[in-house]
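Let's walk through this protein together, one question at a time. Take a look at the sequence and the model, then read on.

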Amino acid sequence: MYSDGAVVIDIRANQTDFDNKVKNLAKTATAALAAVGATVAGMGAAVLAVGSDFESAFAGVKKTVNATEQELEQFRQGILEMSKTIPLAATEIAGIAEAAGQLGIQNENLLAFTRTMADLGVATNMTSDEAATSLARFANIVGMSQDNFDRLGSTIVDLGNNLATTESEIVSMGMRLAGAGAQIGLSESQIMGMAGALSSVGIEAEAGGTAFSTLMTKMQLAVETGSGQLESFASVAGMTTANFKKSFKEDAAGAITAFITGLGKVNETGDSAIKVLTDMNITEIRMRDALLRASGASEVFNKSMDIANAAWEENTALTKEAAQRYETTESKMQLLKNTLTETGITAFEKFKVPFKDALNTGIDSVSKLNEELGSGKLGQSVDTLATGFADLTSTVIKLGTQALPVAVDSLAWIINNAGKIVVAGGTIAGALAGKNLIPAAITNVQKLQQAWKLASNAITAHEKANRLSLLATYGGLKKE
């Protein structure tokens, strides 16, 4: 404290309060640093996780795609860019690209094929892998150009949107029809249009696809050989033999549709579809069932063919359907996650090499440790430690086993002398209960002293015996 005579100035500091504030500041700083450290560690772990996951996924692309380093880098960047526009993780997109390589997709079509299959996986009831496998095989069967996968995808989506069927059912039926359809000259869109019509009337791919493939083969054979069935096909289709033959060669899909439409109208002439098919010697149950169902819905056939042809030409149905799905909140959240993941992958690439070097050093160190444990000086020390531990364990078990009979004997003595102990306790209780009866209490106390002395002497003697027994046991003095 300082005084100039008029004004008193107190410059004393509250040392305790100051110390507390310093301690609190230190605690806060420590907690903040710990939080920063945990955040950095968490970010490092996240970067390592997303980076290594994508590295492993892209390794699959390298395995199945025969490409130069420059092409592989283009594929890598293309996959990462794609993940920012479609709500699929970069690892999933890389998986589609890997499948594309396995399925024989050419390098120049790899990214476009991957994008189409990713869109189908989002916009249809097929997964991207299912779409990739089925459509790649379909293209191989019919000899379709790999530039047209987007058109094929649009055709399938538009049929699924406008018919009583699903995209997976259409593709499954299309695969069944592909071989025979390509043989008679059907286009990719016509095959899928026919597949959409058949699946929309409840015909299963395995049975109906085989039946209709057989029908196509029969028609082609009749047209090429001019057999008796040619006249029957032409009659049902409402054409002359020559016209049907010409129609089949120029537009096989139109000739088939005309036959199915005509089969559905035979009832108008007083005949029946079943009789007509029997007269044509088409009696196989699955084929006849498929034709009867199809003839009953001939308008669906015409509609399906029109939808397929238009969708192929426009090539917009898949893009529109996928775009609608990409606008949902869920998709936007996935896109944000994908963008953050790309940041992590980029960061991973920066320290991947030094991190791998550190891992290699760790692997070498552990290998040397294994060698030392196996044959070096460290191995001898561990052997000695293991032997000592085994001896110690055996000793503890042995001592515990020897001490057990002593404990059992003590418990048995207590049980055998329970009566004396109870008498002593009862005497004490009786004495306490009669504390107001002084004359009688004196006599009881004398009896109590005698009983207690007797019990105490017995307990003390037994306790000494137990201690001597334990000493003899642990000291190795006890005789058998």
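**Inside the core**

Q: Which residues does Met194 touch, leaving out residues up to four places away in sequence?
A: Here a contact means heavy atoms within 4.5 Å. With residues up to four places away in sequence not counted, Met194 touches Leu177, Leu186, Phe212, Met216, Ile256, Phe301 and Met305.

A quick note on the source: this is a predicted model, where local features need pLDDT of at least 70 and side-chain atom pairs count only at pLDDT 80 or more, while totals for chains, interfaces and linings use all residues. Residues are numbered from 1 along each chain as its sequence is written, and side-chain values use heavy atoms, with hydrogens and water left out.

Q: Which residues touch the most other members of the largest nonpolar core?
A: A nonpolar core is a set of buried Ala, Val, Leu, Ile, Met, Phe, Trp, Tyr and Cys residues joined through side-chain atoms within 4.5 Å. Buried means under 20% relative accessible area, exposed means over 50%, and partly exposed lies in between (1.4 Å probe, protein chains only). The largest such core has 100 residues, and those touching the most other members are Met194, Phe212 and Phe259.

Q: What share of the chain counts as buried?
A: The chain has 20 helices and two strands; helices (H or I, at least four residues) and strands (E, at least two) are DSSP runs, numbered from the N terminus. Of its 480 residues, the buried share is 36%.

Q: How many residues of helix H12 are buried?
A: Helix H12 covers residues 252-265. Among its buried residues are Ile256, Phe259 and Leu263. H12 is mostly covered, and of its 14 residues the buried ones number eleven.

Q: How far apart are the end C-alpha atoms of H12?
A: The expected span of a helix is 1.5 Å times one less than its number of residues. For the 14 residues of H12 that gives 20 Å, and the end C-alpha atoms agree with it, being apart by 20 Å.

**Aromatic rings**

Q: How many aromatic pairs does the structure hold?
A: Rings of Phe, Tyr and Trp (its six-membered ring) pair if their centres lie within 6.5 Å; planes under 30 degrees apart count as stacked, over 60 as edge-to-face and the rest as tilted. By that rule, the number of aromatic pairs in the structure is six.

Q: What kind of pair do Phe233 and Phe259 form?
A: Both Phe233 and Phe259 are buried. Their ring centres are 5.2 Å apart and their planes lie at 70°, so the pair is edge-to-face.

Q: Is Gln190 buried or exposed?
A: Gln190 is found in helix H8 (residues 188-200). Its relative accessibility is 15%, which means that Gln190 counts as buried.

Q: Which backbone atom does the side chain of Ser83 reach?
A: Ser83 is placed in helix H2 (residues 69-83), and at 2% relative accessibility Ser83 counts as buried. The side chain of Ser83 reaches, at 2.6 Å, the backbone oxygen of Leu80.

Notes
A polar contact is a pair of N or O atoms within 3.5 Å; within protein, one must be able to donate a hydrogen and the other to accept it, and residues adjacent in sequence count only if both atoms are side-chain atoms.
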